Amino acid sequence: MSRAFLVVMDSVGIGGAPDAGDFFSGGVPDRGANTLAHIAEACAAGQAEDGRSGPLKMPVLDGMGLGAAVRLASGAEAPGLGAEPRALWGAATEVSPGKDTPSGHWELAGLPVPWDWHYFPVGEPAFPEEVRAEVCRIAGTEDILGNCHGSGTVMLDRFGAEHVRTGRPICYTSADSVFQIAAHEDPEIFGLDRLLALCEEIAPMLHGMRVGRVIARPFVGEAGAFRRTGNRRDYAIRPPEPVLTNWAQDAGRAVIGVGKIGDIFSMEGIDRVVKGSDAELIGHLSGLVDAAPEGALVFANFVEFDSLWGHRRDVAGYARALEWFDAEIGRLLPKLREGDLLCLTADHGNDPTWNGTDHTRERVPVLIAGRGAGSVGQVAFADVAASVADHLGIEGRGPGRSFL
């Protein structure tokens, strides 16, 4: 039986979303955002020299069709990405009313989001009183800190010392449909187990409001040197209908998540998950290429493009990550077996040259090894799920159509 490896390069958008003008980052419409092309332009202009140098170098993914996908999606040229594609390639467009992780992943797995997410208003306080009071009740604190929009590192700088002094959890949100709680892992201050229990208990209330995710954001360190740890956990709404992972599991296939896939899908249709940093995850993925059973679906997310570089608007850091990932995929491709499919795609954009710190509404690349070469053209996110199901020989139940 054939195997499939579906790999999401979190936030590696390629511009061109037709409805980008309806989405905003930092108060500016996303029309014109293009994560990959703008990074490549900055590299070519010598504006991304921290830890790397010169034009963006991604020969492996470019050879699969990455530069061609940028041109197809947005008409933009990405300097340094001009190779003739030697794999199957295209660009995918999202229809779900969000530019967040659950929206993108659910739709890639065959389920466009069937509702509008709830977003918290900009301003302070950001959260309804009943939410604040319930967090306090569960946590056993007199109040919370934050209660506002902000990025995680800024929240630690702003409220970390007061959190250490008072033990009050730091609660914040973003332009995504998300409720985030940061707390110190030291049990004398707050504790990791206590933070996870708080997030798990408050999640049903927020899910009932159509808030997509509650995220535990543990950190360690002292004032001036706080740092987030790898013990983040997402408590996401369960998909309301079966998705690709369910289709595969129901057909008797092994389904393995790599990274935060288990959190995104609330373990729906997933047998087991391996986690870690992106550097650790590429090792896990390589090991699964060696050892995953026949007929398996391996679904992976590499989040650090988004979490470490996109939100922080770090162009050079994002470029370094892209070049590292390209080299790693180059080592992985020769290991694929006959009959394997490897699909590389993304869930949204996060243009590090753009205004604000939020995701950007963009089309995403679709690059496929193991099924010949050529253009699949402009496709839908849900077509990715249909195509993976087609390759695996299982029934697809979503709205997508296979492009294989």
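This is a predicted model: local features need pLDDT of at least 70, side-chain atom pairs count only at pLDDT 80 or more; totals for chains, interfaces and linings use all residues.
Local features here need pLDDT of at least 70 and side-chain atom pairs count only at pLDDT 80 or more, while totals for chains, interfaces and linings use all residues. Residues are numbered from 1 along each chain as its sequence is written, and side-chain values use heavy atoms, with hydrogens and water left out.

Visitor: Which side chain of opposite charge is nearest to Asp-62?
Guide: Asp-62 sits in helix α2, residues 59–64; helices are DSSP runs of H or I, at least four residues, numbered from the N terminus. Asp-62 is buried, meaning under 20% relative accessible area with a 1.4 Å probe, protein chains only. It has no salt bridge, a term for a side-chain nitrogen of Lys or Arg within 4 Å of a carboxyl oxygen of Asp or Glu. The nearest side chain of opposite charge, 5.8 Å off, belongs to Arg-71.

Visitor: Which backbone nitrogen does the side chain of Asp-62 reach?
Guide: Leaving out residues up to four places away in sequence, Asp-62 touches Gly-67, Gly-80, Leu-81, Gly-82, Ala-83 and Asp-326, where contact means heavy atoms within 4.5 Å. At 3.0 Å, its side chain reaches the backbone nitrogen of Gly-82.

Visitor: How many residues of helix α4 are buried?
Guide: Helix α4 spans residues 101–108 and is mostly covered. His-105, Trp-106 and Glu-107 are among its buried residues.

Visitor: What caps the N-terminal end of α4?
Guide: Look at the backbone nitrogen of Ser-103: a side-chain oxygen lies 2.9 Å from it. After the helix comes Gly-110, with a positive phi near 100°. The N-terminal cap is Asp-100.

Note on methods:
Helices (H or I, at least four residues) and strands (E, at least two) are DSSP runs, numbered from the N terminus. Buried means under 20% relative accessible area, exposed over 50%, partly exposed in between (1.4 Å probe, protein chains only). Lys and Arg count as positive and Asp and Glu as negative; His and the chain ends are not counted. A polar contact is a pair of N or O atoms within 3.5 Å; within protein, one must be able to donate a hydrogen and the other to accept it, and residues adjacent in sequence count only if both atoms are side-chain atoms.
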